[in-house]
Amino acid sequence: MEYNLADLFESVVDVVPDREALVYVDHPGTGAERRLTYAELDAAANRVAHHLLDSGLEPGEHLGLHLYNGVEYLQTVLACLKARLVPVNVNYRYVEEELVYLYNDADLAALVFEGEFTQRVAAALPQTPRLRHLVRVGAAPDGAPEPAITPVAYAEAEAAGSPGRGFAPRSADDLFIIYTGGTTGMPKGVMWRAEDLFFAGLFGGDPSGEPVKRPEELAERVAARGAGLTFFPAPPLMHGTSTLTSFIAFNYGQRVVIHRKYAPEEVLRTIEKEKVSSVSLVGDAMLRPLIDALNGPLAGTDLSSLFSVSSSGAIMSETVRAEFQRLAPDVLLLNNFGSSESGSNGRATNDSGPERGFRLEVNDRTQVVDPVTHEPVPAGQPGRLAQRGHVPLGYYNDPAKTAETFFRKGAERWVLLGDMATVDEQGIVTVLGRGSQCINTGGEKVYPEEVEQALKSHPDVYDALVAGVADPTWGSHVAAVVQLRAGAPEPSLSEIQSHCRTRLAGYKIPRRLAIVPAIQRSPSGKADYRWAKAVATEEDGAHTPASG
């Protein structure tokens, strides 16, 4: 047995077949749900895997998942892994042009898609010649044009396939591709070997202890461990974090709960009803609505089962963490740090915040290095985060970007991440921000995340993004795009500046303020900095002082 994700899942199924594996709430508030044991989920995935192979797909070909959260999403990922097909996540917000790019860039041979997206799929299909097999979940909207290739109904595909296994031997080298969100550029497909993803993204089978030493040990640990934990990945499964969280739970032999879409009040009801142990989300954009619900219609919700709320992909700011902690003092709040290119790097320290910065305790595979020499930087000197060992093979279909990002030192593979950082004498890393978003103002570097934390500590600010705007004197200046709390009076730029001066050096203070009805983020809560820059650049509605 190798460190193959399908083999590992099947080994867990074989020791706890009757244990509940997956609970799916179709439409929050309707009461519609599905529950599957490990054996039922395994058989359901086998059926789809056999259908895909029987349809002429070959091991190594790529299948796109253009879906909302649902049983079908995780079932299809498992089916791909079992059949040695490569699963590829598709952002369901993409429109025709973006879909054509991704379908072609990923070399999709097959697509499993939500019926709601039939029109977009039909429009993209003539421009994606490699795509030859479609499976549709649910019905198409009335009047939607049918794709040129007739889709197979998911229920029919599942019914046609065998529930047994009977698959060819698999490998630790089987691929899993995670496409990045593309909020700062075109999306890129990160190519993971199964073994590398198991250790870097799935904690080697144990998120709170020692990784397994051999593949067979995973099932042995599950057999010796009782049930009782429930993991609730709240963001869309199309973003890698939620899918990986689900597999962490499966490797642990525990239960996963998912909702079709993020609905804060229903999340709280589900925590209470299903006795959820751990919720994963993405930053303030998902935590703040939970706070609003706990302060309003869901006040008094029983959170006694909840041990932790963790965030990946965006940080929970100090102010928002404090608000939630007041309402749920016994819940552990964890700011995890990682990426599609690295898996997990570490976790924020308890004193992480605007005054001291976003500080991390990193794992022993993460360093701050010089981006040119790739050597560790001295304490206090800025560098780039990098990770060694179990890292991806590179970006699919992008050898140039792969060469820029992935390198070798001796026998080890490394990945150079986009985050600028420093490290202190104790090994604590302070993340400065994404290098691509760094604002150069008069030669001084400003990282948006630091300014955003200061803005969010203002009592009237609900959410904020920061971008650089062209400046004839300084090259760029800092601009803030702000969403206010409901009913809050609109602050002046000078009021925002006065507040920020208590937390930031003068050159980091916003010189422009744009008030918007809502901050635009991805469905998972990740920042859309291209949108923020466009909004901040517009003169209408922006407040620009002569000096600041």
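Modeller: The protein chain exposes about 21,500 Å², 51% of it supplied by carbon and sulfur atoms. Such areas come from the Shrake-Rupley method with a 1.4 Å probe, and for residues only the protein chains shown count as cover. This is a predicted model, where local features need pLDDT of at least 70 and side-chain atom pairs count only at pLDDT 80 or more, while totals for chains, interfaces and linings use all residues. Residues are numbered from 1 along each chain as its sequence is written, and side-chain values use heavy atoms, leaving out hydrogens and water.

Biologist: How do you know whether the radius of gyration of the protein chain agrees with that of a compact globule?

Modeller: A compact globule of 548 residues would come near 24 Å, and the protein chain has 23 Å, so the two agree. The radius is taken over C-alpha atoms, and the globule rule is 2.2 Å times the number of residues to the power 0.38. The C-alpha atoms fill a box of roughly 70 × 55 × 50 Å along the principal axes.

Biologist: Why does arginine 193 count as buried?

Modeller: Its relative accessibility is 15%, and buried means under 20% (exposed is over 50%, partly exposed in between). Buried residues make up 58% of the 548 residues.

Biologist: What makes aspartate 173 partly exposed?

Modeller: Aspartate 173 has 47% relative accessibility, so it falls in the middle class.

Biologist: Why is the meeting of aspartate 173 and arginine 193 called a salt bridge?

Modeller: Their closest N and O atoms are 2.6 Å apart, and the rule asks for a side-chain nitrogen of Lys or Arg within 4 Å of a carboxyl oxygen of Asp or Glu. The pair passes. Aspartate 173 lies in the loop between α6 and β8 and arginine 193 in strand β9, so the bridge ties together parts 20 residues apart in sequence. Helices (H or I, at least four residues) and strands (E, at least two) are DSSP runs, numbered from the N terminus.

Biologist: What makes glutamate 265 and arginine 269 a salt bridge?

Modeller: Their N to O distance is 4.0 Å, so it just meets the limit of 4 Å. Both sit in helix α10, 4 residues apart, which means about one helical turn separates them. Glutamate 265 has a relative accessible area of 33% and arginine 269 has 37%, so each is partly exposed.

Biologist: How many salt bridges does the structure hold?

Modeller: The total is 40.

Key:
Buried < 20%, exposed > 50% of the residue type's maximum accessible area, 1.4 Å probe, protein only.
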